[in-house]
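Open the model in a viewer and follow the stops below in order.

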Amino acid sequence: MPRIRIAPSILSADFAALGREIAAVERGGADLIHVDVMDGHFVPNITIGPPVVRALKRVATRPLDVHLMIEDPDRYIDEFVAAGADMISVHVEAARHLHRTIHCIRDQGAKAGAVLNPATPAALLEDIAADLDYVLVMSVNPGFGGQAFIPHSIDKLRHVRAVLDAAGSRAEIEIDGGVDHGNVADIGAAGATILVAGHAIFGSGDPEAATRSLRQAALGAAQGAGPR
Ligand code: DX5
Ligand code: ZN
């Protein structure tokens with residue numbers, strides 16, 4: 001049975017109380033802390049940078065999963081690794097020399113992921129699949145939390161798994177955007193093992209309980225799907 005990991009996205013957390021919010025989801029069993037970095041260019045929104053990642057690293061006990069939604073990500077890889085990022089993902093639409101970027105991340109000891117926007121085909125991963133630790137499938141257009149899950153993303157997960165398998169890659173698949181208790185069954189059955197959730201966890205009023213119940217829903221889905 002595939003291991004399911006829950007990655008609460010702090011984008012929907014109370015930014016004035018990030019330490020407390022992270023402690024709550026960790027009590028609820030969070031496996032990773034998902035950190036959304038936005039530059040106001042690749043996506044319309046602006047969020048946080050390396051200084052905040054460094055501060056989060058002091059309080060988080062789980063690995064930091066840093067999702068870069070920025071132009072020219074190569075410029076900032078060193079800084080994010082130095083700040084404490086354990087996993088770094090870059091958008092294939094933003095990384096002009098993706099192979100170099102992925103290896104730059106790995107050479108510095110972090111896990112490297114490639115991210116696909118909803119309109120970007122899985123086939124674009126064919127020649128980089130063997131180099132990836134994980135693939136992040138966006139199930140909303142990046143930039144904001146609380147958007148509706150794009151149903152086609154379920155087929156996309158299967159396409160990505162097929163591309164990875166064809167390349168002999170055991171890379172995990174992460175999904176991000178509109179994930180909630182109502183769709184984790186389908187998401188797990190389609191092959192995603194890292195589930196990012198922002199609004200479903202931090203918008204719930206009880207992030208600890210929501211993390212725990214999302215895991216339960218996802219584990220039920222994985223058991224239903226059987227071993228891969
Ligand atoms: C969107 C971000 C997501 C976002 C997900 O651009 O990459 O990580 O926080 O939030 P929800 O789960 O609310 O869609
Ligand atoms: Zn994200």
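Six donors count as octahedral if opposite donors are over 155 degrees apart and all others between 65 and 115. Donors here are N, O and S atoms within 2.8 Å of the metal (3.2 Å for Na, K and Ca), and water is not among the atoms, so sites may look incomplete. This is a predicted model, in which local features need pLDDT of at least 70. Residues are numbered from 1 along each chain, as its sequence is written.

Select the zinc ion (ligand 2) to begin. Its site is octahedral, with angles of 71 to 170 degrees among six donor atoms. Now show the protein donors: His34 (NE2), Asp36 (OD), His67 (ND1) and Asp176 (OD), which lie 2.0 to 2.3 Å from the zinc ion. Along the chain, the donors follow the spacing H-x1-D-x30-H-x108-D.

Next, colour the strands (E) and helices (H or I), which are DSSP runs of at least two and at least four residues, numbered from the N terminus. Which strands hold aspartate 36 and histidine 67? Aspartate 36 is in strand E2 (residues 33-38) and histidine 67 in strand E3 (residues 64-69), 31 residues apart.

Then display the whole sheet. Strands pair if DSSP finds at least two bridges between them. The open sheet has eight strands in the order E1-E8-E7-E6-E5-E4-E3-E2, with parallel pairing. Strand E1 (5-8) and E2 have a single partner strand each, so one side of each is left without a neighbour in the sheet.

Finally, select strands E4 (residues 87-91) and E5 (residues 111-116), which run parallel and are joined by five bridges. Isoleucine 88 has alanine 112 in E5 as its bridge partner.

Methods:
Chains are lettered from A and ligands numbered from 1 in the order in which they are written. This is a predicted model: local features need pLDDT of at least 70, side-chain atom pairs count only at pLDDT 80 or more; totals for chains, interfaces and linings use all residues. Side-chain values use heavy atoms; hydrogens and water are left out. Four donors count as tetrahedral if all angles lie between 85 and 135 degrees; four count as square planar and six as octahedral if opposite donors are over 155 degrees apart and all others between 65 and 115; anything else is irregular.
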